[in-house]
Amino acid sequence: MATVTNNLIFKTPISIPLHPKLLPLFSRVSTLPFLPKFPSSRISTTPNSHNRTPLIPRATAAPGAKKTEKQERVQRVHSIEEFDSALQSAKERLVVVEYAASDSEESSQIYPFMVELSRSCSDVEFILVMGDESAKTKELLKREKVENVPHFSFYKSSEKIHEEEGIGPDMLVGDVLYYGDSHSAVVQLHSGEDVQKLIEEHKVDHKLIVLDVGLKHCGPCVKVYPTVVKLSRQMDTVVFARMNGDENESCMQFLKDMEVIQVPTFLFIRDGNIEGRYVGSGKGELIGEILRYQGVRVTY
């Protein structure tokens, strides 16, 4: 969990074991299987005088398979000028950049997962930068202060909003969903007024509202969000919504009014009343709480 303070200081999340009775349900909402973090490789930003052909990591395909436009959604850039142009062309869409190296096994291992994400996330732009390709790409890594690869940076409106180093596929999926989600069934809220409007809309149908309250740069919030997205697609009798408390003053005031001091906090709202809350990033426990507020008896 992360603690909400004036300085927005985060605490290390506590791992909560999954109860055996929730395993069947959890297996239907998990994303990619958990893989340990890959170690990072250090890359020099000094131009390399050795003449060698760079190894470009590629997703595997069947021999003779015809490449389609859908398979080529990861754009490779070769200079600062091309990089800046790609960011500007993306406008407000999320841009995910992998900084890699030809001699990095970890870069080759994570790249196919980014290709798969590019095929399913049409509203997100993906870029590959081979840092040791040339003096121009090394200059780009130096400007972006990237020293180790694989390194992932996330941009919106040409501004870097998040970065990760040495991550596995599970964390990459979570980051892309968390920072680029614009098409799932999770309602995005940007003010206290948005919350009140959503509550009023569902006083008629009496649906349970599960409000995920987090912060922009909160590891536990990112960790649990893929589960929220999956549940939003499967539980049509529940309304899922999300708010980042540090997005603006209205959101921060909402956190204060709701006495939210740790994130992620999930508020359970029905008929205009807050029936309870769950604080933490335990996926199984979150599912259990949602079921409980839906009237399903859950024994821990």
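This is a predicted model: local features need pLDDT of at least 70, side-chain atom pairs count only at pLDDT 80 or more; totals for chains, interfaces and linings use all residues.

Residues are numbered from 1 along each chain as its sequence is written, and side-chain values use heavy atoms, with hydrogens and water left out.

## Overall fold

The protein has nine helices and 14 strands; helices (H or I, at least four residues) and strands (E, at least two) are DSSP runs, numbered from the N terminus. Of its 300 residues, 48% count as buried, where buried means under 20% relative accessible area, exposed means over 50%, and partly exposed lies in between (1.4 Å probe, protein chains only). The accessible surface comes to about 15500 Å², and 51% of that area belongs to carbon and sulfur atoms; these areas come from the Shrake-Rupley method with a 1.4 Å probe, and for residues only the protein chains shown count as cover. Among contacts (heavy atoms within 4.5 Å) between residues at least 6 apart in sequence, 74% join residues at least 24 apart.

## Helix H8 and its cover

Helix H8 spans residues 249-257, and within this helix Cys251, Phe254 and Leu255 are buried. Seen down the axis of H8, the buried residues fall within an arc of 100 degrees, so they line one face of the helix; the arc is that of the directions from the helix axis to the C-beta atoms. As background, an α-helix has 3.6 residues a turn, so residues three or four places apart point the same way. The face of H8 turned away from the buried side carries the exposed residues Glu249 and Lys256. The cover over the buried residues of H8 includes helix H6 (192-201) together with strands E10 (208-214), E11 (238-244) and E13 (265-270).

At the start of H8, a side-chain oxygen of Asn248 reaches to within 3.1 Å of the backbone nitrogen of Ser250. After the helix comes Glu259, whose phi is positive, near 55 degrees.

## Cysteines

A disulfide is here a pair of cysteine sulfur atoms within 2.5 Å, and by this rule the count comes to one disulfide. Cys218 and Cys221 form it, with their sulfur atoms 2.5 Å apart. The torsion about the S-S bond of Cys218 and Cys221 is about 75 degrees, so the disulfide is right-handed. The table gives the accessibility of some cysteines.

| Cysteine | Relative accessible area | Class |
|---|---|---|
| Cys218 | 1% | buried |
| Cys221 | 1% | buried |
| Cys121 | 8% | buried |
| Cys251 | 0% | buried |

Strand E7 (residues 151-156) and strand E8 (residues 159-165) pair in the antiparallel sense over six bridges, where two strands pair if DSSP finds at least two bridges between them. The bridge partner of Lys156 is Glu159, in E8. Two residues lie between the strands of this hairpin, and Ser157 takes a positive phi near 55 degrees there.

## The loop between H6 and E10

Asp205 is found in the loop between H6 and E10 and is partly exposed, with a relative accessible area of 36%. The side chain of Asp205 makes a polar contact with the side chain of His202 at 2.9 Å and reaches the backbone nitrogen of Lys207 at 3.0 Å. A polar contact is a pair of N or O atoms within 3.5 Å; within protein, one must be able to donate a hydrogen and the other to accept it, and residues adjacent in sequence count only if both atoms are side-chain atoms. The C-alpha atoms of Asp205 and Thr237, which are 32 residues apart along the chain, are separated by 9.5 Å.

His206 has its place in the loop between H6 and E10, where its phi is near 60 degrees, a positive value in a residue other than glycine; His206 is partly exposed, at 44% relative accessible area.

## Other backbone features

A cis peptide bond, with omega about 0 degrees, joins Val149 and Pro150, and Pro150 lies in the loop between strand E6 (148-149) and E7. The peptide bond from Val263 to Pro264 is cis, with omega near 0 degrees, and Pro264 lies in the loop between strand E12 (262-263) and E13. Lys145, in the loop between helix H4 (135-143) and E6, has a positive phi near 60 degrees and is exposed, with a relative accessible area of 70%.
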